[in-house]
Amino acid sequence: MSRRRPLTPGKALARGFQYLTLILASVLVLMPLWSLIISSLKTAREYLDTNRIVPPQNWFNMSNYIEAIWPEQANGITIGQAFYNTGFILAFSLVFLILLGTSAAFVIDRFRFRGRILILAAWAMLVAVPGILTPVSTFQVLKFLGLANSKWALIVLYSGVDIVSILIFVQFLKNISTEIDDSARLEGANYFQIYFRLILPMLTPAIATVVILRTVGIYNDFVTPYLYVPQPQEATVSMMLFNMAGFNSGTSAAVLLAMIVLVILPTVIGFFILQRYIYAGITNGSVKG
């Protein structure tokens, strides 16, 4: 039976520094969330009279959450309608994004053609273009297509495949042996069948990674809905919070904090459920060639 090595002063100091760093980092990260949650449980008067980190007198005060779900002054949008709009946009955007991204990555990785490198370089250059320079021209295109001021405008914009998603899909495809494609072609399968029946299922970890990353970005985005879909009836959760925080909304600060808790709750739950896909999707391939 091996003996534990004695803890030297140097090791004790290093370990103490590690724990201290973790504790400080945890406090810095969790303190805003703590303040948000306890403030959402306070009455309007209690919120004004107490410190933001002081616990509420009644931990079971749900009046702010009831008002958040069924507001007296909805200002043209309720949280339920905002969740529906956001979910609708997310569902269609992610489906189109995955189909476009995986098919583009499949073509780039499996086929050799002139201009292949130029296409990748063009995608990479687009990342360097500031988004603030394109809203006017983008709105004109959406207006020409008849999509302006509707949820479909956001779906079209969010369905665009970014270079990060392409690189994730391409990296996974490099770990999928081309012998699988050759065997399928010998059996009479065409490239569409190879893509849909073989490649797409094998890209599940990469798809999960991209879905998680893009979902967080789309869910939290405020600028794009604000610019292209300003109608309150089409508002996403971020726009709903903005409208409720307005001077004319009549929403109290405590109720607004309760709305924020309800909005971030799906993100937190989804992260804890799907976090293993983020790590596995970034570090591993689906099939080793």
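**An all-helix chain: core, aromatic pairs and a pocket**

The protein has 14 helices and 0 strands, where helices (H or I, at least four residues) and strands (E, at least two) are DSSP runs numbered from the N terminus. The model is predicted, so local features need pLDDT of at least 70 and side-chain atom pairs count only at pLDDT 80 or more, while totals for chains, interfaces and linings use all residues. Residues are numbered from 1 along each chain as its sequence is written, and side-chain values use heavy atoms, with hydrogens and water left out.

Of the 289 residues in the protein, 34% are buried; buried means under 20% relative accessible area, exposed over 50%, and partly exposed in between (1.4 Å probe, protein chains only).

Rings of Phe, Tyr and Trp (its six-membered ring) pair if their centres lie within 6.5 Å, and planes under 30 degrees apart count as stacked, over 60 as edge-to-face and the rest as tilted. The count by this rule is 13 aromatic pairs. F92 and F96 form a tilted pair, because their ring centres are 6.3 Å apart and their planes stand at 45°. These two residues are 4 apart in helix α4 (residues 79-110), and are therefore separated by about one helical turn. F92 counts as partly exposed because its relative accessibility is 32%; F96, at 34%, is likewise partly exposed.

A charge sits over a ring if NZ of Lys or CZ of Arg is within 6 Å of the ring centre and within 35 degrees of the ring normal. K151 lies over the face of F88, at 5.6 Å from the ring centre, and R52 lies over that of Y47, at 4.1 Å.

The lining of the second largest pocket draws at least two residues from each of α11 (204-220) and α14 (253-283).
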